[in-house]
Each structure stands twice: as structure tokens, then as C-alpha cells.
Amino acid sequence: MSKLKSLIQCKCPRCQEGDVYTAGVFSKDYKSMNTNCPKCGLRYELEVGFFWGAMYVGYSLNIAISVTIGVATYVLGNNPDTWVYITSLIAGIVLMMRFNFRYSRLILLYLFAPKAVIEE
Ligand SMILES: [Zn+2]
């Protein structure tokens, strides 16, 4: 399986088989992660406070989402009033919130986990 495909499917960055999250994105527990990979045992929190860094990834994901929605609103709405931009941006960011949370952590994990040797 390619790294991109396993990232999209929220799989472990090392073995690409174990689930990182315990529940689906539409579940009430969409935030809860496994501590270790159920297959290879990789500890997901590579160091204390590791996932604080996901804020920076989440910020850049939000910028990408906002620019996409802004351009789409301009093109599809033929440059509408300001309130249309504001409404569509807020709606888009709120709708993508769960995906943003999960994938910002996953992207950070995929950036740093291949170099890590931490196991339980
Ligand atoms: Zn694994």
C-alpha cells in the first residue's frame, strides 16, 4: 500500500496496517487515538506533547481550505457580496473541522514517525 493511501485511510505510518484512530470520522469519538499501533506497536505520541505540533499543520490545512473556498465562491458566485464569502468560509471550515483535526495529526505523524524508533 502506498504511503498516501495509508495516510488517507488513517493507518499506522510504519506498518501501514494498524488503525491510528479508534473510531470513524463521523463517530462521537472521532478524536480518540490508539496509544500504540495494534499491529506493530509503534507509540504514536513520539514524545511528550508531540501532537501540539499538529496545530501548525491544522493551521496550514485551514489556510488551504479557506483559499479553495474563497476562489470557488468568487468563480461560482461571480464575485458575490462579502457576507457570502464569510458565510461560505465559516460553513466550510466547520464542515471540515473533524477531517482537519485528524489529518493534521496524521500528517505530522507521517512526517516524523519514519525516523522514530520508539516502541512499547
Ligand atoms: Zn504499525
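## Burial and overall build

Of the protein's 120 residues, 14% count as buried (20 or more other C-beta atoms within 10 Å of a residue's own, with C-beta atoms placed from the backbone). This is a predicted model, where local features need pLDDT of at least 70, side-chain atom pairs count only at pLDDT 80 or more, and totals for chains, interfaces and linings use all residues. Residues are numbered from 1 along each chain as its sequence is written.

The protein has 4 helices and 0 strands, taken as DSSP runs numbered from the N terminus (helices are H or I with at least four residues, strands E with at least two). Along the sequence that reads α-α-α-α. Along the principal axes, the C-alpha atoms fill a box of roughly 55 × 30 × 25 Å.

Helix α2 covers residues 54-76, and its 23 residues should span 33 Å at 1.5 Å a residue (the expected span is 1.5 Å times one less than the number of residues). Its end C-alpha atoms sit 32 Å apart, which agrees. Just after α2, Asn78 takes a positive phi of about 55°.

Helix α3 (residues 82-95) has 14 residues and reaches 20 Å from first C-alpha to last, close to the 20 Å expected. The count of buried residues in α3 is 0.

## How α2 and α3 pack

The two helices pack at an angle of about 140°, with their axes 9 Å apart; axes are lines fitted to C-alpha atoms over the stretch in contact, and angles run from 0 to 180 degrees between N-to-C directions. α2 and α3 are therefore oblique to each other, since angles under 35 degrees count as roughly parallel, over 145 as roughly antiparallel, 65 to 115 as roughly perpendicular and the rest as oblique.

On the α2 side, the contact is made by Asn62, Ile65, Ser66, Ile69, Gly70 and Thr73. Their partners on α3 are Val84, Tyr85, Ser88, Leu89, Gly92 and Ile93, with contact meaning C-beta atoms, placed from the backbone, within 7 Å.

## The nonpolar core

The largest nonpolar core has 10 residues: Cys12, Val20, Cys37, Leu42, Tyr44, Ala54, Tyr103, Leu106, Leu108 and Leu109 (a core is a set of buried Ala, Val, Leu, Ile, Met, Phe, Trp, Tyr and Cys residues joined through C-beta atoms within 7 Å). Helix α4 (residues 97-112) gives the largest share of this core, 4 residues.

Take Val20: leaving aside neighbours within four places in sequence, Val20 is in contact with Cys10, Lys11, Cys12, Met33, Asn34, Tyr44 and Leu106.

Key:
A residue is buried if 20 or more other C-beta atoms lie within 10 Å of its own, exposed if 12 or fewer, and partly exposed in between; C-beta atoms are placed from the backbone. Two residues are in contact if their C-beta atoms, placed from the backbone, lie within 7 Å.
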